[in-house]
Amino acid sequence: MAMIDRIKGMLLAPRAEWPKVAAEPATVQSLYTGWIMILGLIGPIALVVMMSMFSGAFAITAAIASYVNTLVGIALVALIADVIAPTFGGTRDYVAALKLVAYAATPAWIAQIGLVIPILGMLIALAGAIYAVYLVFLGAPVLRKCSIDKAVVYTIVLMLCAMVVGVIISRILMSMGMGMGTSMGMGTPRIG
């Protein structure tokens, strides 16, 4: 029930939810097992449903690549969020950075449910990704990743870094023969 409440909070009342997130004790393990690994499955499952109509075996490979991209990408983007924080008046704290990236990704992950609907699903996923960027902007000052007056620039820099990370991971996975799900944007680290 706590997960449903957190999802509702992040989607419907993020200004009130971020201070709760900041106050909660967490570890990298608890964030991964209690949030990232669960919600990160939405996109790969939607990918399997969508692609199984065309190629079942390929759909599984693409879904695995998408999931790997998400799990690795979230960790790397959180590392970047942590490293660049002092430049923007923030403090270094990897767990707080991981909270920022993981919880901000919530609307992007939830919106991936729509990917089972051709064309419209991509628009729904895009809307979720845009809202995730807004959540980073709201959450960064609360989690001390940047000062309030630098939140816009911090968010833009972090989103650009997230895109680069997503492309790099996708290229690596494609070179290993696991690429379609990541090249479709399914496995892009979902913080925006």
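Modeller: Let's start with a definition: a contact means heavy atoms within 4.5 Å. Keep in mind that this is a predicted model.

Colleague: Okay, what share of the contacts between residues at least 6 apart in sequence join residues at least 24 apart?

Modeller: In this chain, 75% of them do.

Colleague: And how many helices and strands does the chain have?

Modeller: There are 10 helices and 0 strands. Going along the sequence, you read α-α-α-α-α-α-α-α-α-α.

Colleague: What does the radius of gyration say about the chain?

Modeller: You compare it with a rule for compact globules. For 192 residues such a globule would have a value near 16 Å, and the chain has 16 Å, which agrees. The C-alpha atoms fill a box of roughly 50 × 35 × 30 Å along the principal axes.

Colleague: How do I read burial, then?

Modeller: Look at relative accessible area: under 20% is buried and over 50% is exposed. Here 48% of the 192 residues count as buried.

Colleague: Which residues touch the most other members of the largest nonpolar core?

Modeller: A nonpolar core is a set of buried residues, such as Leu or Trp, joined through side-chain atoms. The largest one here has 41 residues, and W18, I36, I74, L100, Y154 and L158 touch the most other members. At least two residues each come from α1, α2, α3, α5, α6, α8 and α9. Apart from that core lies another, of 6 residues, including M50 and A59.

Colleague: Could we zoom in on L100? What is L100 in contact with, leaving aside neighbours within four places in sequence?

Modeller: Its partners are W18, V136, G139, A140, L143, K145, Y154 and L158.

Colleague: Now a charged residue. Is R6 buried or exposed?

Modeller: R6 is buried, because its relative accessible area is 8%, under the 20% cut-off. You'll find R6 in helix α1. Beyond its neighbours within four places in sequence, R6 is in contact with E17, K20, V21, E24, W35 and Y103.

Colleague: And where does R144 lie?

Modeller: R144 lies in the loop between α8 and α9. Its phi is positive, about 60°, although R144 is not a glycine. With a relative accessible area of 46%, R144 is partly exposed.

Colleague: Last one: how far apart are the mean positions of the positive and negative charges?

Modeller: The chain has 11 positive and 6 negative charges, and their mean positions are 5 Å apart.

How values were computed
Residues numbered from 1 in each chain as written. Predicted model: local features only at pLDDT ≥ 70, side-chain atom pairs only at ≥ 80, totals over all residues. Heavy atoms only, no water. Helix = DSSP H or I, 4+ residues; strand = E, 2+ residues; numbered from the N terminus. Rg over C-alpha atoms; globule rule 2.2 N^0.38 Å. Buried < 20%, exposed > 50% of the residue type's maximum accessible area, 1.4 Å probe, protein only. Lys, Arg positive; Asp, Glu negative; His and termini not counted. Charge placed at Lys NZ, Arg CZ, Asp CG, Glu CD. Core = buried A, V, L, I, M, F, W, Y, C linked by side-chain atoms within 4.5 Å.
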